[in-house]
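Reader: Please take a close look at one part of this model for me: the places where oppositely charged side chains pair up, and what surrounds them. I would like the cut-offs along the way.

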Amino acid sequence: MPLALVRTEEAAALAPASPDTLTYSLTLPSALSTPSVARAATRHILTAHHLPELADAAVQTVSELTAIGCQLGGAAPTVYLSLRYRSGALRVIVYDGEPRPTNPRLAAAVDARRRTALRLLARVVKACAGTWGCDESPEPGGGTRTWAVLPHATTAAY
């Protein structure tokens, strides 16, 4: 491998944290402690990427999404948390192992249960003028994807 390429890779690895480089994926156990760990990680990540003004709303969002992922994730041993900052918004996604029912009526009932359990999330996201939802996970193995998008300008005022 040419020496110049190694230096470029080293420089990229040592690039300072900024909002544009906020891209994290965490696989967490489906356990009672997971929301606490996810909250602490989120607060640290946002501070490191110079976005502490988003922390209150983001931490609440991550807490709600990981808690419901652990609660409704079925027998899956893990939940997957993704944090991304793109186009002036923080995107939070949680994948859990709860398979989507194939029966449309049953799927609607499961979605209603999840939405009811996420009433606090809905209020936080609404206060931040964001969006949220849940759907079938596109990841291998299926499951459910629950997500929220928090726009920077309105979330900073939360």
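**Charged pairs and their surroundings**

Author: Let's begin with R145, which counts as partly exposed because its relative accessibility is 21% (buried means under 20% relative accessible area, exposed over 50%, and partly exposed in between, with a 1.4 Å probe and protein chains only). A word on the background: this is a predicted model, where local features need pLDDT of at least 70 and side-chain atom pairs count only at pLDDT 80 or more, while totals for chains, interfaces and linings use all residues. Residues are numbered from 1 along each chain as its sequence is written, and side-chain values use heavy atoms, with hydrogens and water left out.

Side chains of opposite charge can pair when their charged atoms come close. R145 has such a partner in D135: the two form a salt bridge whose closest N and O atoms are 2.9 Å apart (a side-chain nitrogen of Lys or Arg within 4 Å of a carboxyl oxygen of Asp or Glu). This pair links distant parts of the chain, with D135 in strand β4 (residues 131-136) and R145 in strand β5 (residues 144-151), 10 residues apart.

How many salt bridges does a search of the whole structure find? It finds three. Another joins the side chains of R114 and D96, at 3.0 Å from N to O. R114 sits in helix α4 (residues 104-117) and D96 in strand β3 (residues 89-96), so this pair ties together parts 18 residues apart in sequence. Here both ends lie inside: R114 is buried at 2% relative accessible area, and D96 is buried at 4%.

Next comes the pair of D56 and R43, whose side chains meet in a salt bridge at 3.9 Å, N to O. It connects D56 in helix α3 (residues 55-72) with R43 in helix α2 (residues 34-48), distant parts of the chain that are 13 residues apart. R43 is partly exposed, with 38% relative accessibility.

Helices α3 and α4 have turned up in these pairs, and they also pack against each other. Two packed helices are described by the angle between their axes and the distance between the axes. For α3 and α4 the angle is about 140 degrees and the axes are 10 Å apart (axes are lines fitted to C-alpha atoms, for helices over the stretch in contact, with angles from 0 to 180 degrees between N-to-C directions). That makes α3 oblique to α4, because under 35 degrees is roughly parallel, over 145 roughly antiparallel, 65 to 115 roughly perpendicular, and the rest oblique.

At this packing, E64, I68 and L72 of α3 meet R113, R114 and A117 of α4 (contact means heavy atoms within 4.5 Å). So R114, which is buried, is among the α4 residues that touch α3.

Conventions. Helix = DSSP H or I, 4+ residues; strand = E, 2+ residues; numbered from the N terminus.
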